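This briefing treats a single protein chain. Please keep the sequence and the coordinates at hand while reading the points below.

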Amino acid sequence: MNTPYLRALLWLTCLLMPLTAFAQQGDCGFIQNPDRQAYCRAISGGGSSHCGFIRDSDLQARCRAETGGGSGQCGFIRDHDMQAACRASAERANTSSSSSSGQCGFIQNPDKQAYCRATTGGGSGQCGFIRDGDLQAMCRAETGGGSGQCGFIRDRDMQAACRAKTR
């Protein structure tokens, strides 16, 4: 192959890679809640430095766990459902495991439990067990439905977070 062509292709790839992360984080800018906005930026490629801007200690611990801190950070979360969801998502984010839904069984809220199972390897079939329409659309978007599903979400912050996660 032509070496200048490969260099140009490599340069173009390096140039566009940060733009894809920015596009995801750009959707986070539409979130009104500052804690949720910082969380969105962190998990959309911004890294754990964004977690420091989160005032809610439970959400901050989850953010740190999901951006490389590991499931040990989840132990700082007081809410039991959120702690179990954190462990499941941190295991998925920090390992190559295709399924880490075992922790989801500790979640008491049935909608959140089904969402957890779906997004940690159970697939979109689990989304059908969710009664909350916004959460169900978010679930379908994250499990293969794509960002088009985000349009069915009425809550604006949740819709922006959905678009950031699925781009």
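Arg 140 is in contact with Ser 124, Cys 127, Gly 128, Gly 145, Gly 146 and Gln 149, when its neighbours within four places in sequence are left aside; contact means heavy atoms within 4.5 Å. The model is a predicted one, in which local features need pLDDT of at least 70 and side-chain atom pairs count only at pLDDT 80 or more, while totals for chains, interfaces and linings use all residues. Residues are numbered from 1 along each chain as its sequence is written, and side-chain values use heavy atoms, with hydrogens and water left out.

**Arg 140**

- Arg 140 lies in helix α6; helices (H or I, at least four residues) and strands (E, at least two) are DSSP runs, numbered from the N terminus.
- With 31% relative accessibility, Arg 140 counts as partly exposed, given that buried means under 20% relative accessible area, exposed over 50%, and partly exposed in between (1.4 Å probe, protein chains only).
- Between the C-alpha atoms of Arg 140 and Gln 126, which are 14 residues apart along the chain, the separation is 9.1 Å.

**Overall composition**

- The protein has 7 helices and 0 strands, and its elements run α-α-α-α-α-α-α from the N terminus on.
- Of the 167 residues in the protein, 35% are buried.
- Among contacts with a separation of 6 or more, 26% come from residues 24 or more positions apart.
- The accessible surface comes to about 9400 Å², and 53% of that surface belongs to carbon and sulfur atoms; accessible areas come from the Shrake-Rupley method with a 1.4 Å probe, and for residues only the protein chains shown count as cover.

**Helix pairs**

- Two packed helices are described by the angle between their axes and the distance between the axes.
- Axes are lines fitted to C-alpha atoms, for helices over the stretch in contact, and angles run from 0 to 180 degrees between N-to-C directions.
- Helix α2 (residues 34-46) and helix α3 (residues 57-69) have axes that come within 10 Å and cross at roughly 5 degrees. The two helices are therefore roughly parallel to each other; angles under 35 degrees count as roughly parallel, over 145 as roughly antiparallel, 65 to 115 as roughly perpendicular and the rest as oblique.
- In this pair, Asp 35, Arg 36, Tyr 39, Ala 42 and Ile 43 of α2 meet Leu 59, Arg 62, Cys 63, Glu 66 and Thr 67 of α3. By class, the contact of α2 with α3 has 5 nonpolar, 1 polar and 4 charged residues; Ala, Val, Leu, Ile, Met, Phe, Trp, Tyr, Cys and Pro count as nonpolar, Asp, Glu, Lys and Arg as charged, and the others, Gly among them, as polar.
- For helix α5 (residues 110-122) and α6, the axes come within 10 Å and cross at roughly 5 degrees, which makes α5 roughly parallel to α6. The contact involves Asp 111, Lys 112, Tyr 115, Ala 118 and Thr 119 of α5, together with Leu 135, Met 138, Cys 139, Glu 142 and Thr 143 of α6. Its residues divide into 5 nonpolar, 2 polar and 3 charged.
- Helix α6 (residues 133-145) and helix α7 (residues 156-166) have axes that come within 10 Å and cross at roughly 10 degrees, and α6 and α7 are therefore roughly parallel to each other. Asp 134, Leu 135, Met 138, Ala 141 and Glu 142 of α6 make the contact with Met 158, Ala 161, Cys 162, Lys 165 and Thr 166 of α7. The contact of α6 with α7 has 6 nonpolar, 1 polar and 3 charged residues.

- The buried residues of α3 are Asp 58, Leu 59, Ala 61, Arg 62, Cys 63, Ala 65 and Glu 66.
- Gly 75 is placed in the loop between α3 and α4 and, at 44% relative accessibility, counts as partly exposed. Gly 75 touches Gln 83 and Arg 87, not counting residues up to four places away in sequence.

**Helix α4**

- Ala 90 is in helix α4 and is buried, with a relative accessible area of 2%.
- Leaving aside neighbours within four places in sequence, Ala 90 is in contact with Ala 65, Glu 66, Gly 70, Ser 71 and Cys 74. From C-alpha to C-alpha, Ala 90 and Ser 71 are 5.3 Å apart in space and 19 residues apart in sequence.
- Arg 92 is also found in helix α4 (residues 80-94), and Arg 92 is partly exposed at a relative accessible area of 36%.
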